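Have the viewer open as you read.

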Amino acid sequence: MDNWRTRITNHDDDSIWYCGHDVAGLMRTETFAGTTFLLHHGRLPSDGERRLFEAILVGIADHGPGSPSAMSARTVATGNRVAPEAAVAAGILAIGDAHGGAGWACQRLLSQAIDRVTREGVSDDMAADDIVRAEIAAGRRLPGFGHRTHSQDPRTAVLLSLAGELGVAGAGVRMVLAFERAVARQVKPLPINVDAAMAAILCDMGFPPIVAKLMFIVGRAAGLSAEVFEEYTRERPMRVKVPVVYDGPPARRT
Ligand SMILES: CC(C)(COP(=O)(O)OP(=O)(O)OC[C@H]1O[C@@H](n2cnc3c(N)ncnc32)[C@H](O)[C@@H]1OP(=O)(O)O)[C@@H](O)C(=O)NCCC(=O)NCCS
């Protein structure tokens, strides 16, 4: 069998290294956010990137038991009281294009628009308008825009302003704001949600689009763990009683 290869982690009898950095040293000086950045990027973050990455992970850690991932985790936990790993995994499986995973598609669109601005010299607004028009014409919703419970996503303003203050904001942040204007013109005013804010910032940090979804998974795992823990410690087994309306064929007599 061929050797498996990796650039991430290596070890010998005495030490472990993440991308060449001794774990013993990282444990003394680095944050979890900075280490997560290192593992995915291959380099340590700047001070500004570290602070912003930390803010992303804090902001997405949880959104209450009503979100699809937490509800899935709790539903499994209420029926299976001895497998927290299954309950947390069920929550992660509920992360997708409409919940927590929109950053992946959003960052792809942002990158397409930025490439066009670079190649053709069109304005941010023109590039954003054309992409929004094409997405709407194809019957798709703009990933990263709109929110079920917030008219303005409270995490977005923090992330975008921190990105400016910390000198991380670049073409990604400019383009997500251009998309917001294009969506308002062509659909209706919709907030930039945390998925799109993350996508813009991760784009400016040099991450490829899939990392927007992966970072949501990393951050939300903390909240899902807490949701499962609470379900096990505060709630009775099998507490799920969903009101169901049956509208199928009537019961047959014979
Ligand atoms: C998050 C989301 C599911 C909320 O949906 P919702 O509660 O139905 O949203 P609203 O009630 O504010 O708006 C519904 C209307 O606005 C439109 N709309 C909402 N978000 C839209 C978007 N991102 N792009 C285009 N149109 C959108 C819908 O088409 C809908 O119109 P319709 O009734 O004619 O179908 C939705 O905004 C969405 O699909 N966003 C894209 C996916 C995403 O970013 N998910 C991460 C959420 S944190």
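The shell around the ligand splits into 7 nonpolar, 5 polar and 3 charged residues. Here Ala, Val, Leu, Ile, Met, Phe, Trp, Tyr, Cys and Pro count as nonpolar, Asp, Glu, Lys and Arg as charged, and the others, Gly among them, as polar. In total 15 residues surround the ligand, and the closest are Ala 102, Arg 141, Leu 142, Phe 145 and Gly 146; a residue gets in if its C-beta atom, placed from the backbone, lies within 6 Å.

A word on ground rules. Residue numbers run from 1 along each chain as its sequence is written. This is a predicted model, so local features need pLDDT of at least 70, side-chain atom pairs count only at pLDDT 80 or more, and totals for chains, interfaces and linings use all residues.

Next, the domains: the protein chain is divided into domain 1 (9-44) and domain 2 (45-236), with bounds from an automatic or database domain assignment. Their contact takes 8 residues from domain 1 and 10 residues from domain 2, where contact means C-beta atoms, placed from the backbone, within 7 Å. On the side of domain 1 that touches domain 2, you'll find 3 nonpolar, 5 polar and no charged residues.

What about the largest nonpolar core? That core has 61 residues, and Leu 110, Ala 200, Ile 201 and Leu 202 have the most contacts inside it. To belong, residues must be buried Ala, Val, Leu, Ile, Met, Phe, Trp, Tyr or Cys joined through C-beta atoms within 7 Å; buried means 20 or more other C-beta atoms within 10 Å of a residue's own, with C-beta atoms placed from the backbone. Both domain 1 and domain 2 give residues to this core, so it lies between them.

Conventions. Buried ≥ 20, exposed ≤ 12 C-beta atoms within 10 Å, placed from the backbone. Contact = placed C-beta atoms within 7 Å.
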